[in-house]
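Here is a short tour of a protein model, written for someone who likes to know how each term was defined. Have the viewer ready and follow along.

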Amino acid sequence: MTTLTHRARRTEGSKSSGKKVESEDDTNQENPDSEDSGDSKDIRLTLMEEVLLLGLKDKEGYTSFWNDCISSGLRGGILIELAMRGRISLEPPTLRKKRLLDRKVLLKSDSPTGDVLLDETLKHIKATEPTETVQTWIELLTAFCFPVFIHCPLLFPTGETWNPFKLQYQLRNVRERIAKSLVEKGILTTEKQNFLLFDMTTHPVTNATEKQRLVKKLQDSVLERWVNDPQRMDKRTLALLVLAHSSDVLENVFSSLTDDKYDVAMNRAKDLVELDPEVEGTKHSATEMIWAVLAAFNKS
């Protein structure tokens, strides 16, 4: 599990280089296919695309070789995205199954979303009997099941794990497929780089404005627009903060801040992800899947 750490104080504060970008964070929960209105009018990103974009090195075009959290974080993003689009939900709580991690994931609608990864996951959920929990689905989609797995940056530069007993569920080449979607949207480009032992496809950022907008939105959510209540936050912004933390890319979001603002942002993010998911998930208007995913990562 990832932890939030504080950086050493710098002798000189960072200079703010990004222009102020307006962010409208109202999400229409009644429409399962509604997108984050904070996204630009021309470019709408899924939660998985946003997490990967935050994790990519701008010029190099790849995530850290040693980040072993982002693969499962992206799968958690898939489940939250499907829930927010009205395709899946958690089964209602009962006396025997009150905890978020005890409740199974139910299919509400199998209508296509238009996203290949989301639709592939829907097919798995529809075809699986008996139904599974959020934590089990994250493990199945990642094909991770201790102790039988392989994760080696040199053998698997895309960051995927491998389990021969769960291959029918594994979503393969997830990072590459998400990156290609971002290429099609004009945010990334495709290049080849040589890493001594192998050639690797990389995806440097070409639309820096879109990434800066995304970073600014998350920074504002814990600074200028901080409401100190997750139930009052925009649901997609809350989900992205949880996923960025779980994917170990939150440091990338706050690294451009001055020291004082960095400390405030990290402390507030820490307070947010350390809330009790069982308590928050039962509150009025809460999106249960967000808290169930956080609970799954807290347990792992």
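K192 stands opposite T201 in β4. The two strands involved, β3 (residues 191–194) and β4, pair in the antiparallel sense over four bridges; pairing requires that DSSP finds at least two bridges between two strands. Four residues lie between the strands of this hairpin, and L196 takes a positive phi near 65 degrees there.

## Where the model comes from

This is a predicted model, in which local features need pLDDT of at least 70 and side-chain atom pairs count only at pLDDT 80 or more, while totals for chains, interfaces and linings use all residues. Residues are numbered from 1 along each chain as its sequence is written, and side-chain values use heavy atoms, with hydrogens and water left out.

## The chain overall

The protein chain has 11 helices and four strands, taken as DSSP runs numbered from the N terminus (helices: H or I, at least four residues; strands: E, at least two). Of its 300 residues, 52% count as buried. Its accessible surface comes to about 15000 Å², with 52% belonging to carbon and sulfur atoms; the areas come from the Shrake-Rupley method with a 1.4 Å probe, and for residues only the protein chains shown count as cover.

Among contacts (heavy atoms within 4.5 Å) between residues at least 6 apart in sequence, 66% join residues at least 24 apart.

## Helix α7

At the start of α7, a side-chain oxygen of D234 reaches to within 3.3 Å of the backbone nitrogen of R236. After the helix comes D248, with a positive phi near 60 degrees.

## Helix α4

Seven of the nine residues of α4 (residues 134–142) are buried, so this helix is also largely enclosed by the rest of the structure. The buried residues are V134, Q135, W137, I138, L140, L141 and T142. They pack against α2 (70–84), β1 (88–90), β2 (105–107), α3 (116–127) and α11 (288–299).

Technical notes
Buried < 20%, exposed > 50% of the residue type's maximum accessible area, 1.4 Å probe, protein only. Polar contact = N/O pair within 3.5 Å; in protein donor to acceptor, adjacent residues only side chain to side chain.
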